[in-house]
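Open your viewer and get ready to click along.

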Amino acid sequence: MALTITTARSAPTAAELIGVGVFSDLDRPDSLPNALLDARGFDAKLGKAMTVEADGGLVVVIGLGKSDEFTEQSLRRAGAALAKTARRQKVIATTLLTDAASVVNGMNPGLGAQCLAEGLELGRYVHGTYKSKAPRQDLKKVTIVGSTAKAVKDGVGLGQAIAAGQVLARDFVNEPGGSLTPAEFAKQAAAMAKKSGLSCKVMDLAAIKKAKLGGLLGVNRGSDNHPRFVELTYSPPKPKATIAFVGKGITFDAGGLSIKPGNGMMTMKMDMGGAAAVIGAMSCLSAAKVPVRVRAYVPMTDNMLGGDATRPGDVLKIRNGKTIEVLNTDAEGRLILADALSLASEAKPDAIVDLATLTGAAVGALGPKIAALMSNDEEFAEKVEGAASDAGERVWRLPLPADYKSQMDSPIADMKNIGKPMGGGALTAGLILQEFVGEGIPWVHLDIAGPAWTDGEDVESRKGGTGFGVRTLVELARSW
Ligand code: BES
Ligand code: MN
Ligand code: ZN
């Protein structure tokens with residue numbers, strides 16, 4: 001059931017609960033039971049919430065943190081905290097937007113409303129498909145109180161659309177590898193395309209062979225599930241430019257013959273987090289009134305170890321003619337992305353962004369919350385960094401050192417699929433991808449192995465897929 005978010009001057013009488021925002025460094029309104037909040041140790045840190053009774057009704061007091069650290073983005077976390085805390089109510093209202101605007105000079109109410117709506121949708125998210133007793137989620141309607149300005153209403157609409165894309169990505173990531181096979185994933189992507197007015201082309205095994213996607217075929221060789229390659233296109237009238245999104249769609253990564261240890265395999269249904277983010281972003285481009293044409297390229301397969309699986313030492317020929325000696329079958333993402341980047345480059349887009357849960361090394365470098373960004377183009381890298389920052393997603397730049405390329409020298413093919421075991425695994429992976437980006441095309445690679453998944457409960461997300469990357473992609477396309 002969709003969440004209805006509306007705006008109004010004052011709270012509707014039907015509201016069972018009001019969400020109120022307070023700053024940690026400012027006096028709280030006298031209408032709140034402040035002695036009680038203090039006694040219970042409420043510190044008003046951003047995203048902390050406490051339910052109290054005031055004026056005979058229920059109030060969720062939501063921390064907005066320090067007033068001088070507050071930005072519109074803070075409302076995403078605040079909204080998420082409210083939606084989580086109020087999940088037993090059906091109809092609620094909140095003054096969060098005006099509580100913040102009354103204190104923060106120059107706050108952009110449209111952006112604030114967008115972030116608040118995103119937070120409400122993300123905080124409300126549950127993936128309950130496999131629970132015999134579905135987790136409770138009663139929240140149906142939220143009224144954002146204080147302003148009915150067009151910018152605020154538009155912001156709410158935009159935020160809901162983007163959050164729906166992110167939720168779609170989460171659902172894909174959370175779906176087990178045994179049920180979200182490449183065929184099923186492609187089918188659901190095609191259904192989304194139809195609903196969202198995108199054009200869609202799905203290549204099956206025969207078409208993939210015909211297109212000479214040797215990397216995708218090589219990775220798929222150990223699997224009983226056929227691969228797919230999905231292309232989606234969003235075409236607005238008179239597009240200003242064309243950009244390409246590429247997403248790694250490994251529906252389950254067992255590692256192939258270079259098999260993963262049990263512990264490392266437990267979360268590997270998430271290895272299509274890049275694909276999920278790309279498809280999730282594509283689903284909301286039209287609602288977000290994106291002015292550029294966007295083409296998405298999504299290779300899908302699992303990485304299994306059947307009787308005729310690719311062996312270490314085998315050589316694969318990628319779409320663009322370059323050959324790769326596979327020495328570790330667990331370095332499979334780069335193989336399928338090589339084909340996808342080659343195909344994306346053939347259409348000569350103005351820029352390419354790829355998203356991939358590519359290396360454990362990126363997690364080693366930046367931890368579980370920050371994506372690694374690598375690029376062949378300074379200006380485009382800054383553009384993507386800006387979009388990520390405006391979307392409230394954390395990325396950090398890593399280099400693509402040309403002198404590391406010799407680590408991939410192979411005696412029998414154009415390159416090996418792995419570098420030397422001396423660290424820098426995220427960079428050598430990026431360097432391999434770079435070989436498949438067309439000459440002169442600005443390109444950014446986002447290694448989202450860390451932030452695509454969370455093992456801990458955050459304010460904005462639950463254990464499992466996060467949908468990381470959707471907001472950055474939409475913001476990048478929107479602000480082109
Ligand atoms: N899907 C994994 C990377 C990964 C690891 C994602 C942990 C999320 C969490 C990728 O296919 C992989 O196995 N990479 C190897 C590459 C190595 C064999 C060169 C890795 O990072 O260990
Ligand atoms: Mn792998
Ligand atoms: Zn993988």
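Start by selecting the manganese ion (ligand 2): its 6 donor atoms subtend angles of 70 to 170°, which makes the arrangement irregular. Donors here are N, O and S atoms within 2.8 Å of the metal (3.2 Å for Na, K and Ca), and water is not among the atoms, so sites may look incomplete. Four donors count as tetrahedral if all angles lie between 85 and 135 degrees; four count as square planar and six as octahedral if opposite donors are over 155 degrees apart and all others between 65 and 115; anything else is irregular.

Before you move on, a word on the model: it is predicted, so local features need pLDDT of at least 70 and side-chain atom pairs count only at pLDDT 80 or more, while totals for chains, interfaces and linings use all residues. Residues are numbered from 1 along each chain as its sequence is written, chains are lettered from A and ligands numbered from 1 in the order in which they are written, and side-chain values use heavy atoms, with hydrogens and water left out.

**Around the manganese ion**

Now show the protein donors of the manganese ion (ligand 2): Asp253 (OD), Asp330 (O), Asp330 (OD) and Glu332 (OE), lying 2.1 to 2.2 Å from it. Along the sequence, these donor residues follow the spacing D-x76-D-x1-E. Aspartate 253 sits in strand β10 and aspartate 330 in the loop between β13 and α11, so this pair ties together parts that are 77 residues apart in sequence. Helices (H or I, at least four residues) and strands (E, at least two) are DSSP runs, numbered from the N terminus.

Buried or exposed: what is aspartate 253? With 3% relative accessibility, aspartate 253 counts as buried, whereas aspartate 330 is partly exposed at 22%. Buried means under 20% relative accessible area, exposed over 50%, and partly exposed in between (1.4 Å probe, protein chains only).

Select the zinc ion (ligand 3), which lies 3.1 Å from the manganese ion (ligand 2); aspartate 253 bridges the two. Which residues coordinate the zinc ion (ligand 3)? They are Lys248 (NZ), Asp253 (OD), Asp271 (OD) and Glu332 (OE), at 2.0 to 2.4 Å. The site has 6 donor atoms with angles of 78 to 175° and is octahedral. Click on glutamate 332 too: at 1% relative accessibility, glutamate 332 counts as buried.

**An aromatic pair**

The structure holds 3 aromatic pairs. Rings of Phe, Tyr and Trp (its six-membered ring) pair if their centres lie within 6.5 Å; planes under 30 degrees apart count as stacked, over 60 as edge-to-face and the rest as tilted. Select phenylalanine 23 and phenylalanine 70 to see an edge-to-face pair, 5.5 Å centre to centre with 75° between the planes. Phenylalanine 23 is in the loop between β2 (17-22) and α1 (34-39), and phenylalanine 70 in the loop between β4 (57-63) and α2 (74-85), so the pair ties together parts 47 residues apart in sequence. Phenylalanine 23 counts as buried at 5% relative accessibility, and phenylalanine 70 counts as buried at 7%.

**Last stop**

Finish with alanine 11, in the loop between β1 (4-8) and β2. Alanine 11 counts as partly exposed, at 32% relative accessibility. From alanine 11 to threonine 85, the C-alpha to C-alpha distance is 18 Å, and the two are 74 residues apart in sequence.
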